[in-house]
Amino acid sequence: MTIKFKETKIHISFFFGLTVALMGLFDKTGTVFLCLMSGVLHETGHLTVLLLSREKPKEIHITPFGMRIERQDENFLSFRKEILCAFAGPLVNIILCLIFYGTYFSKINLSIALLNLLPCEPLDGGKILENFLKLKSSKEKAEKLSFIISCITVFPVAVLGFIILLHSRYNFSLLFISFYLIFFIVLKKKKHP
């Protein structure tokens, strides 16, 4: 489904709607709603920094894996502003964690913030790392080092996901996330060998 808001096209993936519907159907605890609300507020943090930087999104894609923003071609944010933009989402989750301290909603926001701050592409932490490295060295060196750190980071996440699955016998979410990250890393490497 596509919605147009001013000059920005917002694409909502069929799979996003299907995922939310299925999770909502089987979730009797309300966790899906809390996670969805935390995710929307996280993405709003990124979008707010972009808009404050006078960056107008061309398209916004909402998928089960988050939100991807396509920007206007002529605009370019500095590496520092890219870092700030990437950090804005987890910062919103950290603030929500502190405001609702001691609640289940606080734990969800802390989990989302910590996961997104991992130094692994395409997560926010990976974007922060890559842009920080671009401040200190050439683009090629920064991308290569970022790729290596992403590969090193995803391994313990996958192992932890496997351990959680073995202990719980049903919770495969972290293992699924690690497979997604591995897929993204491999795909990015094929695009930019």
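# Strands and cysteines

Me: In the hairpin of E1 and E2, which residue takes a positive phi?

Reply: Lys6, with phi near 55°; the hairpin has 2 residues between the strands. Strands (E, at least two residues) and helices (H or I, at least four) are DSSP runs, numbered from the N terminus.

Me: What should I know about the model and numbering?

Reply: This is a predicted model, where local features need pLDDT of at least 70 and side-chain atom pairs count only at pLDDT 80 or more, while totals for chains, interfaces and linings use all residues. Residues are numbered from 1 along each chain as its sequence is written, and side-chain values use heavy atoms, leaving out hydrogens and water.

Me: Back to E1 and E2, parallel or antiparallel?

Reply: Antiparallel, with 4 bridges between E1 (residues 2-5) and E2 (residues 8-12). Two strands pair if DSSP finds at least two bridges between them. Thr2 has His11 in E2 as its bridge partner.

Me: And how does E2 run relative to E3?

Reply: E2 and E3 (residues 57-63) run parallel, joined by 4 bridges. His11 has a bridge partner in E3, namely His61.

Me: Switching topic: how many disulfides?

Reply: 0. A disulfide here is a pair of cysteine sulfur atoms within 2.5 Å. For Cys85, the nearest cysteine sulfur is that of Cys120, 18 Å away.

Me: Is Cys97 buried or exposed?

Reply: Buried, at 9% relative accessible area. Buried means under 20%, exposed over 50%, and partly exposed in between, with a 1.4 Å probe and protein chains only. Cys85 also counts as buried, at 6% relative accessibility.
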